[in-house]
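This briefing is intended for a reader meeting the structure for the first time. Please keep the sequence and the model in view while reading the points below.

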Amino acid sequence: MSELKYKRILLKVSGEALGEKTAQGDGFGLDFQKIAEVASAIKECVDMGVQVGLVIGGGNFWRGVKNGSGKMQRTHADSMGMLATVMNAIAVADVLEQHGMDARVLTAVEINKFAEYFTRDLANRYLNEGKVVLFAAGTGNPYFSTDTGAVLRGVEIEADAVLMAKNVDAIYSADPKKDPNAIRYSHLTYAKVLEDGLKATDVTAMALAMDNDMPMVCFGLAEENSIIRVVRGEAIGTTVTN
(Lines give C-alpha, C1' and ligand atoms only; values in the text may rest on other atoms or scores of the structure.)
Protein backbone atom coordinates (compact mmCIF):
# COMPACT_ATOMS: atom_id res chain seq x y z
CA MET A 1 0.00 0.00 0.00
CA SER A 2 2.98 2.34 0.45
CA GLU A 3 3.28 2.67 -3.32
CA LEU A 4 -0.15 4.26 -3.62
CA LYS A 5 -0.43 8.03 -3.73
CA TYR A 6 -4.22 8.02 -3.88
CA LYS A 7 -6.32 5.49 -1.96
CA ARG A 8 -9.75 6.85 -2.84
CA ILE A 9 -10.22 8.39 -6.28
CA LEU A 10 -12.93 9.88 -8.41
CA LEU A 11 -12.07 8.89 -11.98
CA LYS A 12 -13.78 10.79 -14.81
CA VAL A 13 -13.66 9.23 -18.27
CA SER A 14 -15.08 11.05 -21.26
CA GLY A 15 -17.79 9.27 -23.20
CA GLU A 16 -15.97 9.90 -26.48
CA ALA A 17 -12.92 8.05 -25.13
CA LEU A 18 -15.05 4.90 -24.87
CA GLY A 19 -16.79 5.31 -28.22
CA GLU A 20 -15.97 3.90 -31.63
CA LYS A 21 -14.10 6.39 -33.81
CA THR A 22 -16.11 7.96 -36.61
CA ALA A 23 -14.83 9.38 -39.89
CA GLN A 24 -14.79 12.79 -38.20
CA GLY A 25 -12.56 11.43 -35.45
CA ASP A 26 -15.20 11.60 -32.73
CA GLY A 27 -16.01 8.66 -30.49
CA PHE A 28 -19.60 7.45 -30.92
CA GLY A 29 -21.52 4.56 -29.40
CA LEU A 30 -19.63 2.00 -27.33
CA ASP A 31 -16.30 0.36 -28.10
CA PHE A 32 -16.29 -2.62 -25.74
CA GLN A 33 -12.61 -3.27 -26.32
CA LYS A 34 -11.80 0.19 -24.96
CA ILE A 35 -14.20 -0.29 -22.07
CA ALA A 36 -12.53 -3.63 -21.27
CA GLU A 37 -9.14 -1.93 -21.19
CA VAL A 38 -10.42 0.67 -18.72
CA ALA A 39 -12.05 -2.08 -16.65
CA SER A 40 -8.76 -3.99 -16.49
CA ALA A 41 -6.95 -0.88 -15.23
CA ILE A 42 -9.65 -0.28 -12.61
CA LYS A 43 -9.43 -3.93 -11.55
CA GLU A 44 -5.70 -3.55 -10.94
CA CYS A 45 -6.36 -0.43 -8.87
CA VAL A 46 -9.03 -2.21 -6.82
CA ASP A 47 -6.72 -5.18 -6.27
CA MET A 48 -4.12 -2.75 -4.89
CA GLY A 49 -6.67 -1.47 -2.40
CA VAL A 50 -7.82 1.70 -4.16
CA GLN A 51 -11.44 2.76 -3.66
CA VAL A 52 -12.82 3.86 -7.03
CA GLY A 53 -15.65 6.22 -7.82
CA LEU A 54 -16.29 6.58 -11.56
CA VAL A 55 -18.04 9.15 -13.73
CA ILE A 56 -18.54 8.52 -17.45
CA GLY A 57 -19.43 11.40 -19.74
CA GLY A 58 -22.21 11.13 -22.30
CA GLY A 59 -20.65 12.75 -25.36
CA ASN A 60 -20.46 9.49 -27.29
CA PHE A 61 -24.26 9.59 -27.49
CA TRP A 62 -25.42 13.15 -26.88
CA ARG A 63 -24.08 16.51 -25.72
CA GLY A 64 -26.92 18.73 -24.60
CA VAL A 65 -25.21 22.07 -25.11
CA LYS A 66 -23.72 21.05 -28.47
CA ASN A 67 -26.19 18.69 -30.12
CA GLY A 68 -29.31 20.53 -29.04
CA SER A 69 -28.07 24.10 -29.49
CA GLY A 70 -30.55 26.15 -31.50
CA LYS A 71 -32.73 23.10 -32.08
CA MET A 72 -34.41 22.49 -28.72
CA GLN A 73 -34.79 24.00 -25.28
CA ARG A 74 -31.52 23.76 -23.32
CA THR A 75 -33.03 22.02 -20.28
CA HIS A 76 -34.51 19.29 -22.46
CA ALA A 77 -31.25 18.86 -24.37
CA ASP A 78 -29.29 18.58 -21.12
CA SER A 79 -31.78 16.01 -19.80
CA MET A 80 -30.96 13.84 -22.80
CA GLY A 81 -27.27 14.27 -22.00
CA MET A 82 -27.86 13.07 -18.45
CA LEU A 83 -29.64 9.98 -19.76
CA ALA A 84 -26.66 9.32 -22.05
CA THR A 85 -24.42 9.12 -18.97
CA VAL A 86 -26.79 6.61 -17.38
CA MET A 87 -26.56 4.37 -20.45
CA ASN A 88 -22.77 4.57 -20.34
CA ALA A 89 -22.65 3.83 -16.62
CA ILE A 90 -24.83 0.72 -17.01
CA ALA A 91 -22.64 -0.54 -19.86
CA VAL A 92 -19.39 0.06 -17.98
CA ALA A 93 -20.78 -1.49 -14.78
CA ASP A 94 -21.63 -4.63 -16.74
CA VAL A 95 -18.05 -4.89 -18.07
CA LEU A 96 -16.64 -4.26 -14.58
CA GLU A 97 -18.76 -7.15 -13.29
CA GLN A 98 -17.39 -9.35 -16.09
CA HIS A 99 -13.91 -8.51 -14.83
CA GLY A 100 -14.77 -9.76 -11.35
CA MET A 101 -15.62 -6.50 -9.65
CA ASP A 102 -18.75 -5.57 -7.73
CA ALA A 103 -20.12 -2.39 -9.32
CA ARG A 104 -23.02 -0.14 -8.37
CA VAL A 105 -24.63 2.62 -10.44
CA LEU A 106 -25.93 5.58 -8.45
CA THR A 107 -27.87 8.27 -10.31
CA ALA A 108 -28.50 11.93 -9.49
CA VAL A 109 -32.11 11.51 -10.62
CA GLU A 110 -34.46 8.72 -9.57
CA ILE A 111 -34.54 5.90 -12.14
CA ASN A 112 -35.11 3.04 -9.73
CA LYS A 113 -35.79 0.48 -12.45
CA PHE A 114 -32.21 0.81 -13.65
CA ALA A 115 -30.06 2.15 -10.83
CA GLU A 116 -30.04 3.35 -7.25
CA TYR A 117 -30.56 6.95 -6.25
CA PHE A 118 -27.39 8.70 -5.09
CA THR A 119 -26.80 9.59 -1.48
CA ARG A 120 -23.40 10.35 -0.04
CA ASP A 121 -23.82 7.78 2.74
CA LEU A 122 -24.75 4.99 0.34
CA ALA A 123 -21.81 5.79 -1.92
CA ASN A 124 -19.43 5.87 1.03
CA ARG A 125 -20.70 2.51 2.28
CA TYR A 126 -20.23 0.86 -1.10
CA LEU A 127 -16.73 2.31 -1.48
CA ASN A 128 -15.73 1.04 1.95
CA GLU A 129 -17.03 -2.40 0.95
CA GLY A 130 -14.66 -2.40 -2.04
CA LYS A 131 -17.32 -1.84 -4.69
CA VAL A 132 -16.72 0.37 -7.71
CA VAL A 133 -19.33 3.13 -7.62
CA LEU A 134 -20.45 4.71 -10.89
CA PHE A 135 -22.06 8.13 -10.55
CA ALA A 136 -24.48 8.86 -13.39
CA ALA A 137 -26.74 11.71 -14.53
CA GLY A 138 -24.25 14.44 -13.66
CA THR A 139 -25.45 16.72 -10.89
CA GLY A 140 -29.07 16.00 -11.80
CA ASN A 141 -29.47 19.57 -13.10
CA PRO A 142 -29.25 21.20 -16.54
CA TYR A 143 -26.48 23.70 -17.33
CA PHE A 144 -23.86 21.64 -15.46
CA SER A 145 -21.35 19.41 -17.23
CA THR A 146 -20.21 15.94 -16.21
CA ASP A 147 -16.86 17.51 -15.28
CA THR A 148 -18.69 19.54 -12.64
CA GLY A 149 -20.60 16.42 -11.59
CA ALA A 150 -17.31 14.54 -11.24
CA VAL A 151 -15.73 17.21 -9.02
CA LEU A 152 -18.92 17.45 -6.96
CA ARG A 153 -18.97 13.70 -6.32
CA GLY A 154 -15.23 13.72 -5.62
CA VAL A 155 -15.73 16.36 -2.96
CA GLU A 156 -18.75 14.57 -1.48
CA ILE A 157 -16.98 11.22 -1.12
CA GLU A 158 -13.83 12.97 0.16
CA ALA A 159 -11.66 11.52 -2.59
CA ASP A 160 -7.91 12.04 -2.42
CA ALA A 161 -8.02 13.41 -5.97
CA VAL A 162 -10.19 13.78 -9.05
CA LEU A 163 -8.55 12.07 -12.03
CA MET A 164 -9.65 13.42 -15.42
CA ALA A 165 -8.89 10.86 -18.15
CA LYS A 166 -9.03 12.83 -21.37
CA ASN A 167 -8.31 12.48 -25.07
CA VAL A 168 -5.39 14.91 -24.58
CA ASP A 169 -2.35 13.88 -22.51
CA ALA A 170 -2.13 17.08 -20.43
CA ILE A 171 -3.27 20.68 -20.14
CA TYR A 172 -1.76 22.97 -22.79
CA SER A 173 -1.65 26.72 -23.28
CA ALA A 174 -3.53 26.20 -26.57
CA ASP A 175 -4.90 23.33 -28.62
CA PRO A 176 -1.76 21.29 -29.45
CA LYS A 177 -3.42 19.96 -32.59
CA LYS A 178 -3.77 23.49 -33.94
CA ASP A 179 -0.80 25.27 -32.36
CA PRO A 180 2.58 23.49 -32.55
CA ASN A 181 3.99 26.04 -30.09
CA ALA A 182 1.46 25.22 -27.38
CA ILE A 183 3.09 24.91 -23.95
CA ARG A 184 2.53 21.64 -22.09
CA TYR A 185 2.09 22.05 -18.34
CA SER A 186 3.05 19.46 -15.71
CA HIS A 187 1.71 21.47 -12.76
CA LEU A 188 -0.72 24.36 -12.49
CA THR A 189 -2.69 26.21 -9.85
CA TYR A 190 -6.44 26.55 -10.16
CA ALA A 191 -6.04 30.32 -10.20
CA LYS A 192 -3.69 30.09 -13.21
CA VAL A 193 -6.09 27.83 -15.12
CA LEU A 194 -9.00 30.18 -14.49
CA GLU A 195 -7.08 33.40 -15.13
CA ASP A 196 -5.64 32.16 -18.42
CA GLY A 197 -8.84 30.44 -19.55
CA LEU A 198 -7.02 27.15 -20.12
CA LYS A 199 -9.23 24.43 -21.60
CA ALA A 200 -8.96 21.68 -19.00
CA THR A 201 -12.50 21.40 -17.67
CA ASP A 202 -15.37 23.82 -17.62
CA VAL A 203 -14.98 26.85 -15.37
CA THR A 204 -17.55 25.67 -12.82
CA ALA A 205 -15.75 22.37 -12.25
CA MET A 206 -12.40 24.09 -11.84
CA ALA A 207 -13.78 26.70 -9.44
CA LEU A 208 -15.51 24.01 -7.37
CA ALA A 209 -12.26 22.05 -7.09
CA MET A 210 -10.38 25.21 -6.09
CA ASP A 211 -12.93 26.17 -3.43
CA ASN A 212 -12.74 22.70 -1.89
CA ASP A 213 -8.95 22.26 -2.26
CA MET A 214 -9.48 19.12 -4.35
CA PRO A 215 -6.36 18.00 -6.28
CA MET A 216 -7.03 17.26 -9.94
CA VAL A 217 -4.90 15.31 -12.41
CA CYS A 218 -5.65 15.70 -16.14
CA PHE A 219 -4.01 12.99 -18.26
CA GLY A 220 -4.41 10.98 -21.45
CA LEU A 221 -6.49 7.84 -21.19
CA ALA A 222 -4.73 6.39 -24.25
CA GLU A 223 -1.31 6.39 -22.57
CA GLU A 224 -0.19 2.93 -21.49
CA ASN A 225 -1.27 2.07 -17.92
CA SER A 226 -2.09 5.73 -17.39
CA ILE A 227 -4.73 5.22 -14.67
CA ILE A 228 -2.49 2.91 -12.64
CA ARG A 229 0.50 5.20 -13.06
CA VAL A 230 -1.43 8.21 -11.78
CA VAL A 231 -2.73 6.29 -8.76
CA ARG A 232 0.84 5.30 -7.90
CA GLY A 233 1.93 8.92 -8.06
CA GLU A 234 3.85 8.90 -11.33
CA ALA A 235 4.17 12.39 -12.81
CA ILE A 236 2.09 12.15 -15.97
CA GLY A 237 -0.35 14.64 -17.33
CA THR A 238 -1.00 17.88 -15.46
CA THR A 239 -1.64 18.15 -11.73
CA VAL A 240 -3.77 21.11 -10.64
CA THR A 241 -3.79 22.26 -7.01
CA ASN A 242 -4.08 25.43 -4.97
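Aspartate 147 touches Lys12, Met164, Lys166, Ala200, Thr201, Asp202 and Ala205, where contact means heavy atoms within 4.5 Å and residues up to four places away in sequence are not counted. The model is a predicted one, in which local features need pLDDT of at least 70 and side-chain atom pairs count only at pLDDT 80 or more, while totals for chains, interfaces and linings use all residues. Residues are numbered from 1 along each chain as its sequence is written, and side-chain values use heavy atoms, with hydrogens and water left out.

**Aspartate 147 and its helix**

- Aspartate 147 belongs to helix α5 (residues 146–156); helices (H or I, at least four residues) and strands (E, at least two) are DSSP runs, numbered from the N terminus.
- With a relative accessible area of 9%, aspartate 147 is buried; buried means under 20% relative accessible area, exposed over 50%, and partly exposed in between (1.4 Å probe, protein chains only).

**Packing of α5 with α7**

- Helix α5 packs with helix α7 (residues 203–211) at an angle of about 15°, and their axes are 7 Å apart. Axes are lines fitted to C-alpha atoms, for helices over the stretch in contact, and angles run from 0 to 180 degrees between N-to-C directions.
- The helices α5 and α7 are therefore roughly parallel to each other; angles under 35 degrees count as roughly parallel, over 145 as roughly antiparallel, 65 to 115 as roughly perpendicular and the rest as oblique.
- The crossing of α5 and α7 is left-handed. A crossing has this hand if the near helix is turned anticlockwise from the far one by less than a right angle, and is right-handed if clockwise.
- On the α5 side, the contact is made by Asp147, Thr148, Val151 and Leu152, and on the α7 side by Thr204, Ala205, Leu208 and Ala209.
- By class, the residues of the contact of α5 with α7 are five nonpolar, two polar and one charged. Here Ala, Val, Leu, Ile, Met, Phe, Trp, Tyr, Cys and Pro count as nonpolar, Asp, Glu, Lys and Arg as charged, and the others, Gly among them, as polar.

**Alanine 209 in α7**

- Alanine 209 lies in helix α7 and is buried, at 1% relative accessibility.
- Neighbours within four places in sequence aside, alanine 209 is in contact with Val151, Tyr190, Met214 and Met216.
- Alanine 209 and valine 240 are 31 residues apart along the chain, and their C-alpha atoms are separated by 9.2 Å.

**Packing of α1 with α3**

- Helix α1 (residues 32–47) packs with helix α3 (residues 74–98) at an angle of about 60°, with axes 9 Å apart.
- The helices α1 and α3 are therefore oblique to each other, and their crossing is right-handed.
- Phe32, Ile35, Ala36, Ala39 and Ile42 of α1 meet Val92, Val95 and Leu96 of α3 in this contact.
- The contact of α1 with α3 has eight nonpolar residues, no polar and no charged ones.

**Nonpolar cores**

- The largest nonpolar core has 46 residues, of which Leu11, Leu96, Leu134 and Leu163 touch the most other members. A nonpolar core is a set of buried Ala, Val, Leu, Ile, Met, Phe, Trp, Tyr and Cys residues joined through side-chain atoms within 4.5 Å.
- Helix α3 supplies the largest share of this core, seven residues.
- Apart from it lies another core, of 30 residues, including Val162, Leu188, Ala205 and Val240.

**Helix α4**

- Leu122, Ala123, Asn124, Tyr126 and Leu127 are buried in helix α4 (residues 120–128).
- These buried residues of α4 pack against β1 (8–13), β4 (51–56), β5 (103–107), β6 (116–117) and β7 (132–136).

**Loop residues**

- Most residues other than glycine have a negative phi.
- Glutamate 158 has a positive phi, near 55°; this residue lies in the loop between α5 and β8 (161–166) and is exposed, with a relative accessible area of 57%.
- Asparagine 225 also has a positive phi near 55°; its place is in the loop between β12 (216–220) and α8 (226–231), and at 45% relative accessibility it counts as partly exposed.
- Alanine 170, in the loop between β8 and β9 (171–172), is buried, with a relative accessible area of 8%.
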